[in-house]
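The text should be read alongside the sequence and the model.

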Amino acid sequence: MKKYILFSVLLIMQVSFENMVFSQNGTIKGRVFNVSNNEGIPFANIVIFGTNIGSTSDFDGNFIFAGIEPGFLRLAVSSIGYEQYVTEEFMVTNQRTFEIDIPLKETQISLEEVVIKASPFARSDESPVSMRRIGIQEIEKNPGGNRDISKVIQSLPGVAATVSFRNDVIIRGGGANENRFYLDGIEIPNINHFATQGASGGPVGIINVDFLREVEMYTGAFPANRGNAVSSIFEFKLLDGSTEQRNVRATVGASDLALTYNGPVLPKTTLIASVRRSYLQFLFSAIGLPFLPAYNDFQFKTKTKFDNKRELTLLGIGAIDQFKLNLNANETEEQRYILSYLPVSEQWNYTVGANYKVFKGNGFHTFVLSRNMLRNFSYKYPDNNESLPRTYDYVSDEIENKLRYENYSLFGDIKLVYGLGGEYVKYNNKTFQKIFTNEVTFKNYATEIDFFKWQAFAQASKPFLNNKLILSLGLRADANNFDKSMSNLLDQISPRISASYALKENLFVSFNTGRYFQTPSYTTLGFRNNMNVLVNKENNIKYIQADHIVAGLEYFPSTSSKISVEGFYKNYSHYPFSVKDSVPLGSKSADFGIFGDEEVLSITKGRAYGAEFFYRETMFKGFNIILSYTFVRSEFKKLDGQYIPSAWDSRHILNLTALKSLPRNWDIGAKFKFSGGAPYTPYDMELSSNKLAWDLQRMGYLDYDNFNSKRLSPFHQLDLRIDKKYFFNKWSLMLYFDVQNVYNFTSQLAPNVLLDTDSNGQPIIENPNAPVEEQKYRLKTVNNDVGTVLPTLGIMIEF
């Protein structure tokens with residue numbers, strides 16, 4: 001390991017082109033326009049943020065910068081009669097022109113009004129609290145992130161750290177199934193490969209960061225045009241393709257190879273497209289792991305600007321995930337244990353969508369049409385012997401077809417957004433599984449359901465008291481015809497109100513409260529018992545409900561820094577309760593595979609509450625710093641009314657990321673994350689030792705009478721990263737060396753229960769002469785600790 005690290009560092013250090021001629025030929029072209037009607041704004045002032053380098057827009061709002069030094073930068077824009085604006089970060093190179101459209105909002109400023117200075121920390125009228133942005137520089141250079149946005153997300157405030165092989169999005173004590181994700185306004189159901197069906201976790205992100213401009217994360221104060229979430233909403237904003245030049249980026253990353261194209265395809269149409277192929281299966285085979293994952297993904301976006309009033313975005317994203325067992329890796333006890341219970345799993349998914357925008361005199365119309373599908377199948381042979389009948393066989397499809405209309409209008413200083421939406425859903429599932437419930441039995445059903453969803457929403461925002469106070473009032477209603485408990489829009493009325501008051505021009509106090517609803521997972525809605533009954537429909541399953549209250553202070557010491565403190569409270573109701581295990585479904589943890597495929601009752605109540613501190617600095621002596629601390633409690637009620645901790649009750653979450661730009665295009669960065677130990681449920685040793693029970697599952701059975709009664713040790717990790725960029729006239733070379741878990745911390749997972757074996761490797765039966773249904777295996781408990789130093793070398797070539 002030490003030799004590998006040393007070799008990688010030397011490789012970056014020795015790849016030197018310092019004697020070659022470098023030039024500052026970076027070019028930025030753009031257009032400043034009125035956000036309400038897409039008309040160009042003449043004579044706007046555009047300055048490279050943090051410098052004195054400026055330009056002015058022409059009569060059509062167009063501008064250009066030439067001879068710019070390559071690297072990451074922002075633009076600050078101002079014009080009389082418009083709010084000042086600072087763009088997201090972007091990277092300039094020599095070989096292509098970077099193109100950017102900059103929207104400005106009209107304003108009427110009186111002498112007594114509070115004027116907010118332009119800063120990178122744009123505030124939202126609808127979401128003055130619990131909304132964070134992260135730019136492309138933080139994404140690209142994130143230590144330990146390896147250009148995987150799903151990992152980068154875990155460094156944001158309120159997001160709990162998880163083990164290195166999981167990308168679960170656990171926010172402010174909410175479950176991994178409580179989040180929604182949008183690409184340029186088009187919803188995608190999951191952002192990870194090998195996704196946990198019914199939740200959102202997985203080991204590797206699907207989204208290629210070559211497409212990203214910035215990411216917005218809402219952990220509360222959700223805008224009314226976004227629904228079906230109770231913990232968070234993510235808006236992934238994508239780049240538009242180049243209108244002038246064609247370029248290609250080739251990437252060798254931590255686990256995959258990627259190729260991305262960017263350029264024009266028609267006179268008014270641009271395209272960004274990528275394909276990726278993993279090489280994990282070769283690495284896993286070389287180091288003797290008992291499973292071999294392989295993934296492929298694609299992504300594309302086209303943008304057609306018919307004229308200044310009409311534009312069409314088409315995008316797609318999809319993945320093929322393959323997973324097989326490495327039966328040759330069976331030398332150790334741990335390898336044999338994994339091979340004995342782990343099923344073969346494969347899945348594929350895609351989302352395609354269109355976003356059509358039509359500008360009018362005081363706003364624009366947006367029409368969004370999309371379709372997404374997931375196919376997931378998994379199976380297991382006893383002892384991995386394919387000549388025997390399968391003990392587990394699962395195949396499932398989830399299909400959604402969606403249409404949404406939004407109207408964005410400005411009436412003076414009043415902003416109004418309203419719209420309607422509809423969805424057609426199909427879910428199919430064939431399940432066969434041998435299970436043990438006091439005797440050997442089975443789960444065997446086939447389900448095929450379809451139903452409609454519909455929603456309506458509106459939100460209005462307006463400033464008062466000379467722009468010191470901004471109020472926003474939103475209303476949303478959702479319904480579907482799956483069952484009568486969810487079919488009435490009035491039963492799912494979702495009001496929300498936000499208020500933000502400027503105590504000074506750089507100090508704000510803000511508040512939000514809202515009620516949010518989420519449809520239970522399709523795995524839960526489509527579950528049938530062996531009598532072919534949709535039991536959860538018979539149980540009148542309901543929408544999950546969460547009431548949020550958030551209040552906070554924001555202070556801006558300078559245009560490049562921000563400090564905020566927030567308190568939050570989430571009150572859950574109608575959460576699914578597991579009939580089989582007699583525990584709240586949301587308080588379970590979700591592993592790989594399927595989550596929620598069981599009978600439930602909509603009777604659970606819960607809560608998550610805490611406080612969050614956030615510090616952000618973008619230009620302190622070359623440092624870019626993100627520091628956050630979150631205290632959170634996450635609990636659900638048992639039937640006896642007592643609160644028990646959920647699996648996401650981490651309590652303490654600390655994230656610190658520091659990036660530093662050095663001369664000659666060197667960058668260094670460090671990230672430290674700490675998360676309190678999560679609760680876990682011990683095994684029922686009596687049931688687990690039963691020979692018939694163990695032989696079916698090949699692993700222990702959890703003791704739900706002692707649900708989440710144990711707690712893991714805290715998790716912490718330090719990651720480091722070095723970047724070096726070379727910008728030539730016609731191409732660029734970007735290298736990075738990343739080391740995860742620098743000090744080799746070993747994190748604690750719930751201990752495993754294994755069969756005890758004799759000298760011949762055979763399981764020991766405590767009472768071999770008893771009838772088979774009474775026989776007991778001798779079990780042993782083995783610590784389940786994970787973690788190692790993980791170095792990675794990344795190479796990107798753009799030409």
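Strand β1 is mostly covered, since eight of its nine residues are buried. Buried here means under 20% relative accessible area, while exposed means over 50% and partly exposed lies in between (1.4 Å probe, protein chains only). Strands are DSSP runs of E with at least two residues, numbered from the N terminus.

The model is a predicted one, in which local features need pLDDT of at least 70 and side-chain atom pairs count only at pLDDT 80 or more, whereas totals for chains, interfaces and linings use all residues. Residues are numbered from 1 along each chain as its sequence is written, and side-chain values use heavy atoms, with hydrogens and water left out.

**The sheet around β1**

An open sheet of three strands has the order β4-β1-β9, with mixed pairing. Its edge strands, β4 (62-68) and β9 (97-104), each pair on one side only. On average, neighbouring strands of this sheet are turned by 20° against each other, direction ignored; the axes behind such angles are lines fitted to C-alpha atoms, and angles run from 0 to 180 degrees between N-to-C directions. Two strands count as paired if DSSP finds at least two bridges between them. In general, the strands of a sheet pair through backbone hydrogen bonds, either parallel or antiparallel.

Strand β1 covers residues 26-34 and pairs with β9 in the parallel sense over eight bridges. With β4, β1 runs antiparallel and is joined by five bridges. Some of the facing residues are listed below.

| Residue | Opposite residue | Strand of the opposite residue |
|---|---|---|
| R31 | D101 | β9 |

P70 lies in the loop between β4 and β5 (71-73). This proline is buried, with a relative accessible area of 10%. P70 and Y726 are 656 residues apart in sequence, yet their C-alpha atoms are 9.4 Å apart in space.

**N296 and its surroundings**

Strand β20 (residues 291-307) contains N296. The side chain of N296 makes a polar contact with the side chain of R277 at 2.9 Å. A polar contact is a pair of N or O atoms within 3.5 Å; within protein, one must be able to donate a hydrogen and the other to accept it, and residues adjacent in sequence count only if both atoms are side-chain atoms. Leaving aside residues up to four places away in sequence, N296 touches H193, R276, R277, G318, A319, I320 and Q322, where contact means heavy atoms within 4.5 Å.

Notes: Helices (H or I, at least four residues) and strands (E, at least two) are DSSP runs, numbered from the N terminus.
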